[in-house]
Structures are given as structure tokens and as C-alpha cells.
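User: Hi! Could you walk me through some of the helix packing in this one? I'd like to go piece by piece.

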Amino acid sequence: MKLQNLQYAVTVFIIACITVADGLVHDQLDLTSRPGRAWDGRVRPMSSATLRVGPVKDQALRGGRGEGASLESTEESPFESNMAELMLGLCKSLIGGTVLILSGGLAQATNVRWMSAPSGLLCMIFAIFSAHTYSLLGLSCHMLHAHSYTELWSRSVSPATAWLPNTACFTFTWLCCAMYTIIIRDMLRSLLLAVGVAEGWASKQSVCAMMVFLLLPLCLLRSLSSLAYTSFFGMLGCLYTTGFAIYRHVKGDYADGGKFFSLLTDKQKPKFGDEINLRKFLVLISYFHGCYQVHFDAPKFFHSLSPRSIGRFNLLTYSSFTIAGLVGAGLMIAGFLTFGEHSESLLLNNYHSKDQLATGARLATLVSILCSYPLFFGGFSSGIIELAAHKLGSSDRQTVKDILAFVMVAVNIFLAFVLERLGIIASLSGSILGACIIFVFPPLIHMGCLEKKRREGIQLTGREERMYVTSYVTLILGILFGVFG
């Protein structure tokens with residue numbers, strides 16, 4: 001009876017969340033919004049100053065186009081210009097190595113098969129809510145003509161506390177690099193064993209030593225232009241891994257009597273039961289936060305969009321987050337239904353070294369993560385340099401970045417040597433930092449924009465009043481997620 005009541009409660013919760021999310025999407029995805037929309041909602045001609053985009057730090061997102069390109073406020077199809085290019089880049093940022101930990105997070109919370117369905121829906125709901133707060137940052141960039149997360153906070157909340165979101169963002173990017181270092185360690189070990197390398201060469205010590213020569217040159221890159229086209233191959237790798245996990249589950253190759261079942265130890269074989277730990281679902285929710293934390297890049301994507309408008313940015317946002325949610329939910333469900341309670345914190349560790357398709361998935365994941373690593377390091381180093389910008393000359397910045405590269409690689413490889421599982425880092429990055437970056441900072445920035453309008457004597461429209469209330473509710477939820485997650 002308790003299990004049945006829980007099932008009813010979960011169903012009612014999901015229906016309520018979907019209803020709210022549906023309202024958010026219809027309220028935000030307004031494709032009639034065009035460049036030059038003024039405070040009072042009337043369209044006015046834009047000045048030449050507002051038509052110019054500031055320098056884009058990551059040229060990889062612009063496909064090698066020059067800096068400072070001007071924008072045309074022409075009426076074009078939402079999928080023309082660089083929309084597809086940016087959508088690919090945003091999807092790749094969202095669908096990183098963190099999606100591989102979701103099955104393990106679900107296995108901590110339950111070993112009941114049917115719970116995979118509501119958990120998948122919950123993953124999608126968090127994707128939509130995260131898209132909503134991401135779109136708030138684009139709207140705030142449009143209202144304040146801001147080009148960075150720190151600039152958004154300074155103009156809408158307070159310049160005195162601008163260090164707060166900056167610190168949270170560069171701390172998160174460092175934790176992402178730490179997680180990626182552990183994933184690279186596991187992928188390298190599995191690949192070495194798969195090709196028949198002796199156990200000694202595939203030991204943790206040997207692999208950690210190899211990683212120095214992989215990660216340090218990537219972090220010391222002077223230009224990221226060589227990574228301009230890695231988003232496409234990275235997305236292919238993510239889709240291949242998801243398709244592989246679904247294929248293995250459907251074929252039942254790891255189920256009792258399957259092709260690889262006899263090769264598994266007792267602790268690796270699929271196991272299911274009737275246990276549900278609601279407290280552990282909060283850990284799974286913190287993992288969802290970690291999957292959708294790309295909000296520090298929202299200003300860059302907004303100003304890279306050409307032609308730029310709120311409607312086009314919302315289309316980019318909701319499309320990318322929906323794709324990421326589907327991939328994350330699909331990979332989580334397929335992995336959990338294949339291994340159940342014994343799902344590892346890194347899903348690919350569950351598959352046997354003699355599984356050739358799994359070897360391909362590990363190789364694809366390794367390449368994808370290696371290409372993403374310098375981008376996350378760039379976010380980490382830029383955040384620290386921005387905090388100390390008033391003390392650094394232009395010639396000192398590259399020196400500081402190089403020093404940070406050596407320090408971060410050394411610390412992360414030490415963590416990869418000491419830690420066996422990703423769970424600790426994933427929970428830390430998702431619970432407190434994730435709640436702040438996704439559900440606390442964006443609504444605070446948006447509410448600050450609207451309060452600034454009020455102080456200037458401009459009356460808010462009915463839609464803006466509703467969005468203010470929505471941001472306030474999102475802020476409360478974010479605080480609750482941070483406290484209890």
C-alpha cells in the first residue's frame with residue numbers, strides 16, 4: 001500500500017511540474033520578439049551602438065568568424081544564419097561526461113524498475129526549468145546590454161557582490177575538470193585493457209602519469225580555434241554512447257542468459273528489487289543540476305546569435321535543453337534497466353572490456369571529453385583572472401593562466417589518484433553550486449532588471465509582472481534545492 005501511495009504521489013508531482021513547465025515554455029518562447037524591443041514593449045529602431053557585438057572570447061562557438069561582427073536586424077527563418085551552429089555548440093556543452101553518472105545516481109535511490117520512468121520525466125522537467133532560467137539570462141543581457149555573467153550581476157544586483165557569481169562559476173568549471181579527469185582515467189584504463197595492454201601499464205599510477213602529457217598541453221593551448229569543429233564530433237560521440245546503451249538493453253546482452261552475463265562478477269550482474277530511498281533522490285536531483293549547468297555561457301551565446309532577438313535565443317535555448325534532456329533521460333533509463341542496483345557511478349565502467357561496442361563508446365567519450373577539457377579550463381582561468389584583473393597587467397594574464405594550468409592539472413590528477421568514484425564531486429558541484437548557478441542567480445538578475453525599470457519610473461507590463469512572480473518562486477525553489485540537495 002505504501003508503494004502504491006508513493007506511485008500516486010510521484011504521478012501527481014510530475015503532472016503538476018509538467019503543467020508549470022508548459023506554462024513557462026509558452027510564456028518564454030515568443031518568436032515574435034525582435035531586436036530593438038524597448039522597455040515598454042514597442043519596437044524602436046536600434047542605434048548603431050546597440051547593433052555591435054563585443055569580442056567573443058571563444059571563437060570555436062562562432063566557427064572561426066571574426067570578432068566584433070555587426071548584426072543585421074532582418075526578418076529571417078529561425079534556423080537560418082548561425083542558429084544550427086550555436087545549437088550544436090550548446091548541445092555539446094550540455095551533453096558532456098556528466099550524463100554518464102545519472103544511472104548510478106538513480107541506482108542509489110532505488111532498485112525498482114518502474115521508477116526509471118518517473119525519473120526520466122523528472123530529468124526532462126529539470127531540463128525545461130533549467131532552460132527557463134537560461135533564457136532569463138538572455139533576456140537580461142538584452143535589457144542591460146551586458147556581455148558577461150559578472151557584468152549582468154553588477155548592473156542588476158550590485159557591483160560590490162559581483163565576485164559571488166564569478167566565484168561560483170569558476171569553482172564549478174574546476175569541479176567539471178576534476179570530474180572529467182576521473183572519467184578520462186577510467187576510459188584510458190578500460191581502453192588499455194581492451195587492446196591487451198599488461199595490467200601493470202593499465203594501473204592507476206601509470207594512467208595518471210599518462211594524463212599529465214594529455215591534459216597539460218590542452219590547458220596550455222594559446223588558441224582554441226583548433227577545436228572549432230569538435231562540437232559536431234563530440235555530439236556524435238554522445239549520441240553513439242546513448243544509442244549503444246539502449247541497444248545493449250534492448251538486446252538483453254547483459255541480462256541473465258545474455259551474451260556477456262557469464263563474464264560479469266556477482267557485484268556486476270543486474271539486480272532489481274523493491275527498495276526506494278526518497279532521501280537519495282535528492283542526490284539524483286543534484287546530478288541533474290550538474291548536467292544542465294552551462295548558464296555562465298549564456299551571455300556569450302546570446303551575443304553570438306546573428307541576427308539576434310529574444311525569440312531566437314529562446315528557440316536556441318529550449319531546443320538545446322530539450323535535446324540534452326532526452327539524451328540524458330535515455331542514457332539514464334537504459335543504463336539503469338540494464339544493471340539496476342549495480343549501476344556504477346560512471347556507466348561505461350559496467351560494460352565488459354570484451355564488449356567491442358563498449359570500447360567504441362569509451363573511445364568516443366574520451367575524445368569528446370578531451371576536446372571539452374580546455375574549454376572548461378578556459379572558464380576556470382578566466383574567472384580567476386577576472387577577479388584579479390585590477391592587479392594584473394595585460395602581459396601578466398597569460399603567465400597567470402599558464403601557472404593555473406600546471407596547478408589545476410596537478411590537483412585534478414591527484415584527485416583522480418585518490419578518489420575511486422565520481423559521486424562526491426558530482427554531488428558537491430550539483431547541490432550547492434548547481435542550485436545557485438541555475439535557480440538562484442538567474443532569477444535574482446532578472447528581478448534586478450525589472451526593479452531597475454521600476455526605479456526609472458517605467459511601468460511593468462502584465463507579462464513582466466507574471467515573470468517577476470515566476471522568478472521569485474524559482475528563487476525560493478533554488479534555495480530549497482541548495483539546502484536539502
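**Helix packing and a loop**

Analyst: Happy to. In this predicted model, the axes of helix α3 (residues 102–109) and helix α9 (residues 278–291) come within 7 Å and cross at roughly 165 degrees.

User: How are α3 and α9 oriented, then, roughly parallel or roughly antiparallel?

Analyst: An angle over 145 degrees counts as roughly antiparallel, so α3 is roughly antiparallel to α9. Their crossing is left-handed.

User: Which residues make the contact?

Analyst: From α3, Leu102, Gly105, Leu106, Gln108 and Ala109 take part, and α9 brings Lys280, Phe281, Val283, Leu284, Tyr287, Phe288 and Cys291. By type, the contact of α3 with α9 has nine nonpolar residues, two polar and one charged.

User: Thanks! Next pair: how do α12 and α13 cross?

Analyst: Helix α12 (residues 356–387) and helix α13 (residues 396–418) have axes that come within 10 Å and cross at roughly 120 degrees. The two are therefore oblique to each other, and the crossing is right-handed.

User: And what touches what there?

Analyst: On the α12 side you'll find Tyr373, Phe377, Phe380, Ser381, Ile384 and Ile385. The α13 side has Arg397, Val400, Lys401, Leu404, Ala405, Met408 and Asn412. That contact of α12 with α13 divides into nine nonpolar, two polar and two charged residues.

User: Switching topic: is α4 mostly enclosed or open?

Analyst: Of the 29 residues of α4, 27 are buried, so α4 is largely enclosed by the rest of the structure. Helix α4 (residues 116–144) reaches 42 Å from its first C-alpha to its last, close to the 42 Å expected at 1.5 Å a residue.

User: What about the length of α15?

Analyst: Helix α15 (residues 462–484) has 23 residues and should span 33 Å at 1.5 Å a residue; its end C-alpha atoms are 33 Å apart, which agrees.

User: Which α15 residues are buried?

Analyst: Glu464, Met467, Tyr468, Ser471, Thr474, Leu475 and Gly478 are buried in α15.

User: Last one: where does leucine 221 lie?

Analyst: Leucine 221 is in the loop between α7 (204–219) and α8 (230–251). Its relative accessibility is 27%, so leucine 221 counts as partly exposed.

User: How far is leucine 221 from glycine 378?

Analyst: In sequence, leucine 221 and glycine 378 are 157 residues apart, and in space they are 9.8 Å apart, C-alpha to C-alpha.

Notes:
Residues are numbered from 1 along each chain as its sequence is written. This is a predicted model: local features need pLDDT of at least 70, side-chain atom pairs count only at pLDDT 80 or more; totals for chains, interfaces and linings use all residues. Side-chain values use heavy atoms; hydrogens and water are left out. Axes are lines fitted to C-alpha atoms, for helices over the stretch in contact, and angles run from 0 to 180 degrees between N-to-C directions. Helices (H or I, at least four residues) and strands (E, at least two) are DSSP runs, numbered from the N terminus. Angles under 35 degrees count as roughly parallel, over 145 as roughly antiparallel, 65 to 115 as roughly perpendicular and the rest as oblique. A crossing is left-handed if the near helix is turned anticlockwise from the far one by less than a right angle, and right-handed if clockwise. Contact means heavy atoms within 4.5 Å. Ala, Val, Leu, Ile, Met, Phe, Trp, Tyr, Cys and Pro count as nonpolar, Asp, Glu, Lys and Arg as charged, and the others, Gly among them, as polar. The expected span of a helix is 1.5 Å times one less than its number of residues. Buried means under 20% relative accessible area, exposed over 50%, partly exposed in between (1.4 Å probe, protein chains only).
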